[in-house]
There are 4 protein chains.
Amino acid sequence: MTVRVGVIGVGMIGQDHIRRLSHVLSGVDVVAVSDVDVARATAVAEGLRSARAFATGEELIVDGNVDAVLVCSWGETHEQYVLASIAAGKPVFCEKPLATTQEACLRILDAETAAGRRLVQVGYMRRYDTAYRAVREVVHSGAIGLPLLMHCTHRNPGVPGYYKGESMITDTAVHEIDLVRWLFDEEIAATQVLVPRRSRNGGELQDPLVLLLEMASGLLVDVEISVNIRYGYDIRGEVVGEDGTVELCNPSPVRVRREGLAADRVPVDWRERFIRAYDVELQEWVDAVAGGGDFGPSSWDGYAAAVVSDAALHALATGTRVPVALADKPDLYTK
Amino acid sequence: MTVRVGVIGVGMIGQDHIRRLSHVLSGVDVVAVSDVDVARATAVAEGLRSARAFATGEELIVDGNVDAVLVCSWGETHEQYVLASIAAGKPVFCEKPLATTQEACLRILDAETAAGRRLVQVGYMRRYDTAYRAVREVVHSGAIGLPLLMHCTHRNPGVPGYYKGESMITDTAVHEIDLVRWLFDEEIAATQVLVPRRSRNGGELQDPLVLLLEMASGLLVDVEISVNIRYGYDIRGEVVGEDGTVELCNPSPVRVRREGLAADRVPVDWRERFIRAYDVELQEWVDAVAGGGDFGPSSWDGYAAAVVSDAALHALATGTRVPVALADKPDLYTK
Amino acid sequence: MTVRVGVIGVGMIGQDHIRRLSHVLSGVDVVAVSDVDVARATAVAEGLRSARAFATGEELIVDGNVDAVLVCSWGETHEQYVLASIAAGKPVFCEKPLATTQEACLRILDAETAAGRRLVQVGYMRRYDTAYRAVREVVHSGAIGLPLLMHCTHRNPGVPGYYKGESMITDTAVHEIDLVRWLFDEEIAATQVLVPRRSRNGGELQDPLVLLLEMASGLLVDVEISVNIRYGYDIRGEVVGEDGTVELCNPSPVRVRREGLAADRVPVDWRERFIRAYDVELQEWVDAVAGGGDFGPSSWDGYAAAVVSDAALHALATGTRVPVALADKPDLYTK
Amino acid sequence: MTVRVGVIGVGMIGQDHIRRLSHVLSGVDVVAVSDVDVARATAVAEGLRSARAFATGEELIVDGNVDAVLVCSWGETHEQYVLASIAAGKPVFCEKPLATTQEACLRILDAETAAGRRLVQVGYMRRYDTAYRAVREVVHSGAIGLPLLMHCTHRNPGVPGYYKGESMITDTAVHEIDLVRWLFDEEIAATQVLVPRRSRNGGELQDPLVLLLEMASGLLVDVEISVNIRYGYDIRGEVVGEDGTVELCNPSPVRVRREGLAADRVPVDWRERFIRAYDVELQEWVDAVAGGGDFGPSSWDGYAAAVVSDAALHALATGTRVPVALADKPDLYTK
């Protein structure tokens, strides 16, 4: 069976996912697209084997030829499309964020809980990265003892002009916020933000920051967030256990020796670093839609990320440690 | 357009390729299978969406539903299926070796040349490995100057019972034989085999060997072949240029610190090391069949590998340096 | 000229320094020893070429054959011997700590300032480590831009029975406290201590801790202190600048491939890791005494380390951020 | 006891050793110097604490104040000074080569054997390098099984103008020739030289070469010799055993991340790479002279290196495999 997907939002990320679904992955076809820019949707549809352009996302969702929905539109619109997909009883993959407020996330949780089954997956692709999966496997194997600390670095060579102070948390560190919840199978209990000396590369932006995340067990995570560090896109992480540690290796394919150096490459950007994780993420989602597996990051994960991000923003604004208060977790998300 | 593939030979490698074509790659479907064991072919066909089992490879090849052929049968049968595919005017992907003798390879060259277009691709998957592609890119960028030497190691943790002395060349080192021809865009001019102290792990087998390959330009390649080294599947390579070098990095996703060591992983076997290269190899072949790219390793490459392997076996038997004599290269293969 | 050194305190560290002065370094001789255990001092003296045992450190200090003094006695006694050396106008190398209270350190500062010249050096050996010196050189070269952050890990496989909670700061992290002041040529302005989940390996001890050090410029340093991590003695550090970073390499001499791993060694303990730094530290001190160089870490550095350690202990006890208040820096220490 | 050393030959290497003996090592003093350039010897002597310049090496050797002799003069003169030292019954450290012909080496062997005790040490400093010692320890621990192969690279950024073709063997590869005899405790049985494509950086020089050394056990060593590779001084080595391998790590103190690379340093030249090995070599020799240890590389080692070098030169000239024929080994050298 081929899964027929409708894609809402055909901007950069939407078109990249369409390429992926059409030319890289197995058992899936893009049959419908929509966009706030109807002409763009029409143009994209014409470039595909047999896809139709819809005037609105809502029409696309209810169309009989669409088995599952991929939401790549502007964040403000995520809630409405996810809710409409749930109402239509169709699986929906929503790029992060699930929604732009905690309240909106709770409305999605309520709707999905009422539907009585998992329909929503949120686009946290790091869970699908080979290296992070190996970290998780080592942690849970017991080889390094109980985990006590984790050190993360999240470095970007630069950021676009619309990037602003809170993006450091909501766009960038949110990946680590989701990651550590998955890595350690526990919630974040409190957060704090440290403010170091500012880089001239970031202009007015307070860059870097250090985000502290206290897990429910007491495990402490520190995350360096540097978004104008020029030299490359460098994602690192080391989990410190009682008896040892496990860390991500730098993923350079080759080492070059020249001009006094023996040098590995650092990825240029997130596309280079995580391109395979995106492929695996969507293939596993397609397989889950077709009945061959489980869905990944849930509405609950999207909600938790929103709550922790809000707490971190509050911590940054006030210079204090801010506890994280989550709603009760519905049974649907405690498999 | 979906490429409809017929697979001849559904043993271990055949079934793995069927899995790949059915569940991993895009734009392709397995519609026909055959095997010397007809019952097995039938069973495999029943497990697929809509595939038919054929009594013979020849019948499969000429079937109107088959767009392209994948040959995974026993090496002795490769020639007949490749020739039949050429006769039918259909693209054929043949697992290595192209054929078991130089003469058979020449018959294939003649047939394809007569057909006037490339139809045959041989399964040398290393050309599709990310790291080897990066090596090639560095070499051709000029960053290390003109290449003068290459050091390769090809280490296997162990080999199956039917593996015999000449397999060190024809099954194992043949990968490097093809690789260096592609890496440096030139032919191998002579070969020699050095015989070190023997490992007790290999029993009667002369393991390890060191294969020397002299390229036409004088560039010298040495290849350590160790096939019972226990600790892992370790493929390494360093090209030494006039001004610097480039080498493959060990592809460990994580580094674990415990019990006095900071340790990277070594792949367990060739599947772990090259699984992605197989995916990319067949996806690019499928795309080429569908019109979206060029075919990879050619009949000429398969022929050259056979000639060099024969020379290396002669060098091993006689303890001498053996020149490599190739036929004239048809224009078809000099694009 | 041979520098004639008198050593006060011939316990483990004292005897190791005597071995170093007698059998490793150039231009120096041990001519006098003393110890609270007089019999031990006598025995040690007899094992040397021509050394005399003194009943008290004070007598040793004023002896005419003694050019310079090395204080390796119990920390409580450091102040008296350093003051006596200053009074005698003799160069004195004092193992850390300079003294056990801020007030005692200030008395030493006063005495040395009154003497009008540098006589005291404190035993912070990391400043003499090749790798840390290379880090400092890169930072000051401008190659990574202005430094903004530093991540340190200080891991011990285990600690002796008398090690207690405050030792995490005063014995262990004090090395990083001195190090970052030297690395960045600036004082520490405030400190905070984070308390992660506790390792079962440390029993009642709160292990690990994360020490935060805010430098005067705003540069932020985090130090993981893990003292029962079993796997080895692992000292790491990465300085994050505006445009790049520099970090210590793991100092393994060899990489061993076996049993699925490609493994570097982690040092067993501080002796293995810093043995050469101790050699260089004392050789440079001997050379400075003989007139061939400058003295290293000063009384001011010893005083600053004491003040920052006290602040960190206060921060640990109260869970708050504690500013560091230093006395005015005498001109003697601002070369 | 202080060992009083006389140094014959005060050119670059001689002066560097004088610096080492005077300012780095323990228990040793330079009391006499001589040089073919008497004015230079006098100038050097005046710069030392209390050293006398001698008109000839022979006078220096027999002087009553000289306990031991260090020969750093031109290679042609080594034999006469070593023989004179043996005749005087004094320990002598001779920089490589022991002598410039096999016959001269045999005369030294005869003289030392007649003296009935070890007096001569030859300057093969790699045996004193921490990393090579760790390789040897791993090999002899059995951790990688019986050694079967060794891959070496010996790369220089450039060579001086007087460097000529045979220097590739006699000046450069001779280090590996001695090294593998020590590493594996066995003699070299045969040798062969492979000639790759030539680097434009070396002008008329055939650079690189690959030297093959067959050990008596069958263990095979290949040595890449590249002496104009620009990027640095890169000494590598990997011993391949039945079950695993051990290799030298690149000795970079720090890793710098900038401009897309995560880069380790390569040493600039042999001084940087082996400075500590020279220190350890001479300290152990001084200790052996003083009675605290054994002498290192012997006259036999110097003789064997000469014989193997001659064989390798013959192999290079003739393009053939050349067996190595050694004289019978005197009992003095088989402890």
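Predicted model: local features only at pLDDT ≥ 70, side-chain atom pairs only at ≥ 80, totals over all residues.
Chains A and C are in contact through 37 residues of chain A and 37 residues of chain C. Between them the two chains bury about 2,900 Å², and carbon and sulfur atoms account for 54% of that area. Polar and charged pairs also occur here: the interface of chain A and chain C holds 10 salt bridges, and 21 residue pairs, both members at pLDDT 80 or more, are in polar contact between these chains. On the side of chain A that touches chain C, six strands each supply at least two residues, namely S7 (147–155), S8 (188–194), S9 (209–215), S10 (220–226), S11 (234–241) and S12 (245–248). The most is given by S7(A), with 6 residues. By residue class, the side of chain A that touches chain C comprises 14 nonpolar, 12 polar and 11 charged residues.

In chain A, A:Glu242 is located in the loop between S11 and S12. Is A:Glu242 buried or exposed? A:Glu242 counts as buried, because its relative accessibility is 5% and the limit for a buried residue is under 20%. Its contacts, apart from neighbours within four places in sequence, come from both chains: A:Ile144, A:Gly145, A:Leu146 and A:Leu148 in chain A, and C:Arg198, C:Ser199, C:Arg200, C:Asn201, C:Asn228, C:Ile229 and C:Arg230 in chain C. In chain C, C:Glu242 forms a salt bridge with A:Arg200, in which the closest N and O atoms are 2.8 Å apart.

Chain C also meets chain B. Here 16 residues of chain B are in contact with 16 residues of chain C, and the two chains bury about 1,200 Å² between them, 51% of it on carbon and sulfur atoms. Within chain B, the residues that lose the most area to chain C are B:Tyr231, B:Arg257 and B:Gly260, which together make up 42% of what that side buries. Chains B and C are joined by 2 salt bridges. In one salt bridge, the side chain of B:Asp234 meets that of C:Arg257 at an N to O distance of 3.3 Å. Polar contacts between chain B and chain C number 8 residue pairs, both members at pLDDT 80 or more. Strands S11 (234–241), S13 (254–258) and S14 (261–265) of chain B each supply at least two residues of the side that touches chain C, and S14(B) gives the most, with 5 residues. That side of chain B divides into 5 nonpolar, 2 polar and 9 charged residues.

C:Ser50 lies in the loop between helix H2 (38–46) and strand S3 (52–54). With a relative accessible area of 48%, C:Ser50 is partly exposed. Residues up to four places away in sequence aside, C:Ser50 touches C:Val30 and C:Val31. C:Val31 is 19 residues from C:Ser50 along the chain, and their C-alpha atoms are separated by 6.1 Å.

Definitions and conventions:
Residues numbered from 1 in each chain as written. Chains lettered and ligands numbered in written order. Heavy atoms only, no water. Contact = heavy atoms within 4.5 Å. Buried area = accessible area lost by both parts, 1.4 Å probe. Salt bridge = Lys/Arg side-chain N within 4 Å of Asp/Glu carboxyl O. Polar contact = N/O pair within 3.5 Å; in protein donor to acceptor, adjacent residues only side chain to side chain. Helix = DSSP H or I, 4+ residues; strand = E, 2+ residues; numbered from the N terminus. Nonpolar A, V, L, I, M, F, W, Y, C, P; charged D, E, K, R; others polar. Buried < 20%, exposed > 50% of the residue type's maximum accessible area, 1.4 Å probe, protein only.
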